[in-house]
Amino acid sequence: MVDIPFDTIAGIPPAEVGEVELYHPKSWWTRYVFSQDAKVIAIQYSITAMAIGMVALVLSWLMRLQLGFPGTFSFIDPNQYLQFITMHGMIMVIYLLTALFLGGFGNYLIPLMVGARDMVFPYVNMLSYWVYLLAVVVLASTFFVPGGPTGAGWTLYPPQAILSGTPGQDWGIIFMLTSLILFIIGFTMGGLNYVVTVLQARTRGMTLMRLPLTVWGIFTATVMALLAFPALFVASVMLLLDRLLGTSFFMPTLVEMGQLTKYGGGSPILFQHLFWFFGHPEVYIVALPAFGIISDLISVHARKNIFGYRMMVWAIVAIGALSFVVWAHHMYVSGMHPYFGFFFATTTLIIAIPTAIKVYNWVLTLWRGDIHLTVPMLFALAFIITFVNGGLTGLFLGNVVVDVPLSDTMFVVAHFHMVMGIAPIMAVFGGIYHWYPKVTGRMLNEALGRFHFWVSFLGAYAVFFPMHYLGLLGMPRRYHDIGETAFVPASAHDLNAFMSVAALIVGFAQLVFLFNLIWSLFKGREAGGNPWGAASLEWQTPQTPPGHGNWGKELPLVYRWAYDYSVPGATRDFVPQNEPPAGSLAQGAQP
Amino acid sequence: MSAIILFMAGIAAIAGWWLSQQRLAAKPWLEQGVITDWREENPSSLPPAKIGLGVFLAVVGSLFALFISAYSMRMSMVDWRALPVPRLLWFNTGVLVTSSIALQWAHVAARRNDMDGVIVGLCAGGASAVTFLVGQLLAWQQLSVAGYFVASNPANSFFYLITAMHGLHLMGGLVALGRTTAKAWRGADMTRMRLSVELCAIYWHFLLLVWLVLLGLLTGWTDDFVDICRQLLT
């Protein structure tokens with residue numbers, strides 16, 4: 001640690017570091033299981049999320065088998081197909097991506113990147129994980145209840161979500177809603193931690209404008225999630241009451257199996273408003289941490305400072321704010337006032353501006369950079385390409401007149417898998433390859449990593465790129481078997497078969513990744529403290545993996561932003577955030 | 001959705017004001033050395049627990065704003081039959097006000113280092129909060145005796161749902177209050193007590209505010225206002 005050069009910070013008392021009340025684990029159980037250390041919680045979150053994500057991956061295989069080779073797999077009946085769709089979507093969006101970005105990356109990186117010892121409320125943080133685990137267990141248990149999981153689609157739209165024609169009407173939907181409510185409660189506990197830690201526990205010198213963009217992304221996404229998840233909570237509670245107590249919040253008067261139901265007068269549109277008031281911010285809850293991670297990966301692996309840091313921060317904040325006023329663009333075909341449609345189309349397209357700024361800045365960061373095509377960098381580049389791709393089709397779907405014919409076709413599926421499936425997963429993989437050495441002290445295997453990257457990237461494109469074309473043909477989504485239709489040519493079925501084979505291959509490549517994660521834990525190359533030569537604080541910890549309390553006796557002091565790469569005149573091609581300026585070196589303040 | 005939009009606009013205003021204090025126009029690539037930020041320039045900066053509570057109140061506020069949004073959208077449907085509000089609610093409101101006053105008393109006593117006053121305030125606040133909850137249950141019972149069941153009309157469903165949500169939040173508060181009281185009983189350090197008591201008082205005042213808004217909504221006092229909001233969006 002360095003001494004504080006008092007002259008550069010005249011008038012300010014020495015840093016108040018040291019005396020921080022740290023929680024000290026006393027046994028194996030409290031160290032590794034009921035741990036209050038954010039790093040352990042992050043790993044617990046990540047493993048749980050990846051485990052349930054594997055379930056969702058298998059579900060996607062089953063769906064693709066059915067779509068690619070209809071009639072061949074007799075064990076997949078239409079009800080099951082709907083259940084697979086529902087569970088795949090719900091798991092991937094909420095239980096995998098949200099939990100992994102905020103619970104996993106957020107927990108691990110926030111305290112390290114802002115120079116804190118831990119989250120500010122460690123006990124609440126631990127509770128957050130256990131409630132999340134309970135939510136996952138409740139969700140997974142729906143596979144084993146009578147009637148199986150709900151098949152209402154991941155949007156759970158009433159009235160069909162709780163009517164008897166929908167699979168999982170008995171128990172599946174109840175468990176699903178309960179699980180969502182638990183997830184939201186658990187997330188709120190974690191989210192309070194992430195926000196307050198960024199606000200209050202930053203080390204000295206770490207102003208907001210010196211935070212790495214990863215922290216900005218996770219921070220803004222957490223604030224959004226805290227404000228948006230209550231909408232899902234309200235919708236879930238009310239739908240649960242409709243199902244259990246027979247209230248009519250959402251349920252209109254309708255006839256079911258020839259009988260008038262007990263419901264009457266409710267508004268399904270009300271549910272849609274509530275759901276999408278959460279659902280649209282959710283897209284950016286997943287995208288903003290990815291934006292942040294990608295910004296850091298690009299800067300480190302191109303050995304160049306991030307282009308337009310201020311603009312990047314402003315764009316993150318602007319996207320966060322705007323994403324709350326676009327929700328009804330998911331409801332163009334639900335019937336709405338044309339002025340509403342116009343309003344929401346306009347706000348939707350306005351989001352393209354800050355998003356485009358970010359893409360320009362990534363590209364300009366790469367421009368004339370010293371690009372190292374490491375595995376994290378490959379994933380980062382793939383993210384940019386995929387995100388631009390998915391973003392452009394977003395412009396199509398954001399316009400009412402274009403959306404109406406494309407709605408409920410495979411085009412929508414292709415769009416949101418590009419923008420919200422492939423792109424964030426690329427960021428997740430990039431982030432894991434990048435920070436794995438910090439978490440474990442060992443590098444992931446490079447050759448396996450490259451194999452994983454190329455198969456995943458090219459394979460994902462083989463799956464989802466042709467899907468746009470199927471959508472334009474008019475092939476509907478959510479159909480178990482499209483059968484003989486006049487507008488779908490035979491070649492489309494061949495294309496479907498090709499996509500299914502590609503999906504299987506991509507899925508198997510993920511097993512290589514899992515193998516790599518485990519194998520490298522024991523056999524990987526020793527990484528040292530800072531294998532990528534990165535400037536941000538998490539790479540400057542005294543130990544790797546960081547010890548309990550993250551920093552030694554004293555918290556680090558921050559003298560600069562996180563992107564000092566290839567600085568002219570510097571001895572190395574990066575300057576760590578906690579390295580004092582050259583002036584104070586001359587005074588001998590540096591040990 | 002106008003209630004939640006208004007609420008979000010309020011949050012956005014607070015966030016915007018706060019961001020405007022954070023030198024977001026700084027050029028970090030030109031600045032070196034330890035620079036101070038807002039936290040250090042404001043020595044009276046808030047403890048983390050208080051900020052955490054503030055963020056939590058924003059979450060709870062957005063939850064209730066969404067319930068109010070749903071309420072105002074659903075009440076414009078034709079099958080809505082407003083239910084007579086039990087007069088017991090006025091008594092309950094009075095009790096909740098008492099509870100808030102008692103906790104404020106405890107907060108003032110904590111600042112004066114008066115441990116006995118703190119304990120009296122906390123116990124009185126807790127007891128009246130429990131009385132409020134019992135009163136709410138009695139109000140439920142009166143309604144169901146009078147034939148207003150939870151599923152018989154959306155107005156009833158909302159009444160039960162919203163009062164239950166508010167009651168659950170108060171019960172959560174009672175857990176914190178109980179722990180604080182236990183600490184006070186054991187004679188904890190006054191500086192730490194002061195913060196705990198203050199957090200309880202803030203939470204209680206917030207829940208009182210939420211209750212008053214909900215009461216206005218449930219009794220139909222705010223119908224005109226709800227109408228105006230609805231017209232804003234149509």
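OK, let's start with helix α6 (residues 154-185) of chain B and helix α7 (residues 190-219) of chain B: they pack at an angle of about 165 degrees, with axes 10 Å apart. Axes here are lines fitted to C-alpha atoms over the stretch in contact, and angles run from 0 to 180 degrees between N-to-C directions. Helices are DSSP runs (H or I, at least four residues; strands are E, at least two), numbered from the N terminus. So α6(B) and α7(B) are roughly antiparallel, a label for angles over 145 degrees.

This is a predicted model: local features need pLDDT of at least 70, side-chain atom pairs count only at pLDDT 80 or more, and totals for chains, interfaces and linings use all residues. Residues are numbered from 1 along each chain as its sequence is written, with chains lettered from A and ligands numbered from 1 in the order in which they are written.

Who touches whom? On α6(B) the contact includes B:Phe159, B:His166 and B:Leu170, and on α7(B) it includes B:Tyr203, B:Trp204 and B:Trp211; contact means C-beta atoms, placed from the backbone, within 7 Å.

Now chain A. Its secondary structure comes to 15 helices and two strands. The C-alpha trace spans about 85 × 50 × 50 Å along its principal axes. Of its 591 residues, 57% count as buried, as in 20 or more other C-beta atoms within 10 Å of the residue's own, all placed from the backbone. And for contacts in chain A with a separation of 6 or more, 81% come from residues 24 or more positions apart.

Terms used. Angles under 35 degrees count as roughly parallel, over 145 as roughly antiparallel, 65 to 115 as roughly perpendicular and the rest as oblique. Two residues are in contact if their C-beta atoms, placed from the backbone, lie within 7 Å. A residue is buried if 20 or more other C-beta atoms lie within 10 Å of its own, exposed if 12 or fewer, and partly exposed in between; C-beta atoms are placed from the backbone.
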